[in-house]
Amino acid sequence: MPPMHKVVHYRNKCIGCGVCYEQQPELWRMSKRDGKATLIKGVRKKEVFVLEIPDASLDKSKEIALACPVRIIKVS
Ligand code: SF4
């Protein structure tokens, strides 16, 4: 199996700017309900949402984490 990585989204702190969705729509959508970003297929773990991503998505996801203006996306 290829190595897996993790995206963690601190959704409560999301300001709904839309940058993650604009740059990586395969992983993000914007909620019509509360205007925040939602990590597609992310699994809720207490305050955060977590998604395992393949090696191939790592670089792009790190870029998005840096682009988030409130830095609430963590990639490892
Ligand atoms: S870039 Fe950050 S603040 Fe903006 S919508 Fe995405 S998670 Fe929310």
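Two residues are in contact here if their C-beta atoms, placed from the backbone, lie within 7 Å. Keep that in mind for the views below, which show a predicted model.

**View 1. Leu 27 and its contacts.** Leaving aside neighbours within four places in sequence, Leu 27 is in contact with Leu 39 and Ile 40. Leu 27 and Leu 39 also both belong to the largest nonpolar core.

**View 2. The largest nonpolar core.** Ten residues make up this core: Val 7, Cys 14, Cys 20, Leu 27, Trp 28, Ala 37, Leu 39, Ile 64, Cys 68 and Ile 73. As background, nonpolar side chains in soluble globular proteins tend to be buried together.

**View 3. The open sheet.** Welcome to the four strands, which lie in the order E4-E5-E1-E6 with antiparallel pairing. Strand E4 (43–45) and strand E6 (73–75) each have a single partner strand, so one side of each is left without a neighbour in the sheet. On average, neighbouring strands are turned by 30° against each other, direction ignored.

**View 4. Strands E1 and E6, with helix H2.** Strand E1 (residues 4–9) runs antiparallel to E6, and three bridges join the two. Look for Val 7, whose bridge partner in E6 is Val 75. Helix H2 (residues 58–67) packs on the sheet, where it touches E1, strand E5 (48–54) and E6. The direction of H2 makes about 150° with that of E6.

**View 5. Lys 6 on strand E1.** Lys 6 has its place in strand E1. Is Lys 6 buried or partly exposed? Lys 6 counts as partly exposed, because it has 13 C-beta neighbours inside 10 Å. Ser 57 is 51 residues away from Lys 6 along the chain, and their C-alpha atoms are separated by 10.0 Å.

**View 6. Cys 20 in helix H1.** Cys 20 sits in helix H1 (residues 19–23). This cysteine counts as buried because 25 C-beta neighbours lie inside 10 Å. Beyond residues up to four places away in sequence, Cys 20 touches Trp 28, Ala 37, Ile 64, Cys 68 and Ile 73. The C-alpha atoms of Cys 20 and Glu 52, 32 residues apart along the chain, are separated by 17 Å.

**View 7. Around the ligand.** Which residues are closest to the ligand? They are Cys 14, Cys 17, Cys 20, Ala 37 and Cys 68, out of 13 residues that surround the ligand. By class, this shell holds eleven nonpolar residues, two polar ones and no charged ones.

Notes:
Residues numbered from 1 in each chain as written. Predicted model: local features only at pLDDT ≥ 70, side-chain atom pairs only at ≥ 80, totals over all residues. Pairing = 2+ DSSP bridges. Axes fitted to C-alpha atoms, helices over the stretch in contact; angles between N-to-C directions. Near = placed C-beta within 6 Å. Nonpolar A, V, L, I, M, F, W, Y, C, P; charged D, E, K, R; others polar. Core = buried A, V, L, I, M, F, W, Y, C linked by C-beta atoms within 7 Å. Buried ≥ 20, exposed ≤ 12 C-beta atoms within 10 Å, placed from the backbone.
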